[in-house]
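Dear colleague,

Please find below the structure that I am handing over to you. My notes on what was found in it follow directly after.

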Amino acid sequence: MGIIDVEQFVADGFAKVEQIVPREVGDAARALLWQRIGLSPDDPAGWTQPVVWTADLTGEGPFGQFMASPRLHAALDAVAGPGGWARRGSVGNIPVRFPRVPPADDRGWHVDSNTMRPDGTWGVSNRPATLLLLVLFSEVGPDDAPTRVRAGSQRDLAKVLDEQVLDPMQMGPLFDATGEDRPVALATGSPGDAFVVHPFTVHAAQEHLGTEPRFMAQMPFMLTEPLSPGQGTPLARAIDW
């Protein structure tokens, strides 16, 4: 098996890439994020919110190492084809989930916006222009609010989408029903691990039942052309057109 299990990606709509950077790089990124959110790993009394959002917009330090990772680039090549995706310099949005507080009401099943409309706004269609990457900056076990993924649900969603660009905020009932009988997998791992996720794979956050905050980035990688039938890449083979 290579850096990424391509056949698992085709079957399940997501696959793990272990250690796109060494663990110590993930630890360094997490240390910077603690500073940015103004909280401390040694002072749980300050953990009063279920989710604190932060971001990397510059790709400085360890974040740039994540984005420049040869292992990451090889995994994206394997899924989208060499030249099939565009590099990005920053990690982007980072939700930090905290234990010991009531959970946020943001744990519904969904897919991320993946199609740009002519007016520059984004929605969901059957011609996505992105794929999703999840990157871990902390140890994430089954109780540490790992992202839930309905394995294989990308095939179910592909059957109900068309070229109309829909607002994902209005698609809750559709997302709830899509792949509801599919097995649920958890995006668990260690600092420096990543998951490549198909743009149609239904996933959700969940309550943090562990003891240590979970640090994870979620980011789109732009495709160089919208996904369409006949491309032959694992990204296209993962759905039944």
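This is a predicted model: local features need pLDDT of at least 70, side-chain atom pairs count only at pLDDT 80 or more; totals for chains, interfaces and linings use all residues.

In the notes on linings, residues are classed as follows: Ala, Val, Leu, Ile, Met, Phe, Trp, Tyr, Cys and Pro count as nonpolar, Asp, Glu, Lys and Arg as charged, and the others, Gly among them, as polar. By these classes, the lining of the largest pocket divides into eight nonpolar, nine polar and two charged residues.

Residues are numbered from 1 along each chain as its sequence is written, and side-chain values use heavy atoms, with hydrogens and water left out.

The chain as a whole

The C-alpha trace spans about 50 × 40 × 40 Å along its principal axes.

Of the 241 residues, 52% count as buried, where buried means under 20% relative accessible area, exposed over 50%, and partly exposed in between, with a 1.4 Å probe and protein chains only. The accessible surface comes to about 10500 Å², and 52% of this belongs to carbon and sulfur atoms; the areas come from the Shrake-Rupley method with a 1.4 Å probe, and for residues only the protein chains shown count as cover. Among contacts in the chain with a separation of 6 or more, 85% are between residues 24 or more positions apart, contact meaning heavy atoms within 4.5 Å.

Pockets and cavity

Rolling a probe the size of a water molecule over the atoms shows where empty space is left. On a 1 Å grid over the protein atoms alone, a cavity is a set of points where a 1.4 Å probe fits but cannot get out, and a pocket is an open set with protein on both sides within 12 Å along at least five of seven lines; lining residues have an atom within 4 Å of a point. Grid points are joined across faces, edges and corners, and a volume is the space filled by probe spheres set on the points.

The largest pocket holds about 290 Å³ of space. It is lined by 19 residues, of which D112, S113, L132, M219 and P220 are the closest to its centre. Strand 3 (92-97), strand 6 (130-136) and strand 11 (214-222) each supply at least two lining residues, and strand 11 gives the most, with four.

The second largest pocket has a volume of about 250 Å³. Its lining includes G108, W109, H110, P168, M169 and F175, as well as D112 and S113. By class, this lining has five nonpolar, four polar and two charged residues.

One cavity of 30 Å³ or more was found in a search of the whole structure. The largest cavity contains about 60 Å³ of space and is lined by P50, V51, R97, F98, V101, P103, A104, Q206, E207 and H208. Six of these lining residues are nonpolar, two polar and two charged.

Individual loop residues

Most residues other than glycine have a negative phi. Q19, although not a glycine, has a positive phi of about 50°. Q19 lies in the loop between strand 1 (14-17) and helix 2 (23-37) and is partly exposed, at 29% relative accessible area. R100, also not a glycine, has a positive phi of about 70°; R100 is in the loop between strand 3 and strand 4 (115-116) and is exposed, at 54%.

S69 sits in the loop between helix 3 (61-67) and helix 4 (70-80) and is buried, with 2% relative accessibility. The C-alpha atoms of S69 and Q19 are separated by 9.6 Å, although the two are 50 residues apart along the chain. Leaving aside neighbours within four places in sequence, S69 is in contact with I20 and V21.

Yours sincerely
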